[in-house]
Amino acid sequence: QVNALLPKFRKHFSNPFLGAVLDYAGMQHNWQRGEELWDAIVNEFGVKPTVIEHSARAKVHILCGRPATAVRIFEMASKEITPDCRFCIDYLQALLIVHHSSLSAASHR
């Protein structure tokens with residue numbers, strides 16, 4: 001139902017709105033919904049995400065246990081925007097989670 005209402009409220013879409021809906025998707029542990037909303041608001045309705053929204057998108061995936069996807073999002077975003085300190089910290093956090101989760105039993109010795 002919400003998807004059907006998106007075109008009606010297009011004029012209200014903004015960067016804070018995008019960040020808020022991504023934050024909500026993360027709190028609900030629903031990365032699929034976060035990606036659907038990203039696609040609609042950014043690709044269909046033309047909201048240009050800033051560093052904050054790119055970080056929020058990646059954070060959805062971290063909260064949903066998908067740190068490797070978050071790393072890919074950070075890498076793609078860093079080609080489109082100028083990263084700030086918070087972006088770099090969040091990116092490093094995702095990299096550390098991926099590295100830690102990929103350690104073999106031999107590397108724990």
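Modeller: Buried means under 20% relative accessible area, exposed over 50%, and partly exposed in between, with a 1.4 Å probe and protein chains only. This is a predicted model, in which local features need pLDDT of at least 70, side-chain atom pairs count only at pLDDT 80 or more, and totals for chains, interfaces and linings use all residues. Residues are numbered from 1 along each chain as its sequence is written, and side-chain values use heavy atoms, with hydrogens and water left out.

Colleague: Which residues of helix α5 are buried?

Modeller: Helices are DSSP runs (H or I, at least four residues), numbered from the N terminus. In α5, residues 67-77, the buried ones are Pro67, Thr69, Ala70, Val71, Ile73, Phe74 and Ala77.

Colleague: What covers the buried residues of α5?

Modeller: The cover, judged by contact (heavy atoms within 4.5 Å), includes α3 (31-44), α4 (51-63) and α6 (85-101).

Colleague: How do the axes of α5 and α6 cross?

Modeller: Axes are lines fitted to C-alpha atoms, for helices over the stretch in contact, and angles run from 0 to 180 degrees between N-to-C directions. Here the axes of α5 and α6 come within 8 Å and cross at roughly 145°. Among the residues that meet are Val71 and Phe74 in α5 and Phe87 and Leu95 in α6.

Colleague: Which residues does the second, separate core include?

Modeller: In soluble globular proteins, nonpolar side chains tend to be buried together. A nonpolar core is a set of buried Ala, Val, Leu, Ile, Met, Phe, Trp, Tyr and Cys residues joined through side-chain atoms within 4.5 Å. The largest such core has 15 residues, of which Leu6, Phe13, Leu18, Leu22 and Ile41 touch the most other members. Its largest share, five residues, comes from α3. The second, separate core has eleven residues, including Val51, Ile62, Val71 and Phe87.

How values were computed:
Helices (H or I, at least four residues) and strands (E, at least two) are DSSP runs, numbered from the N terminus.
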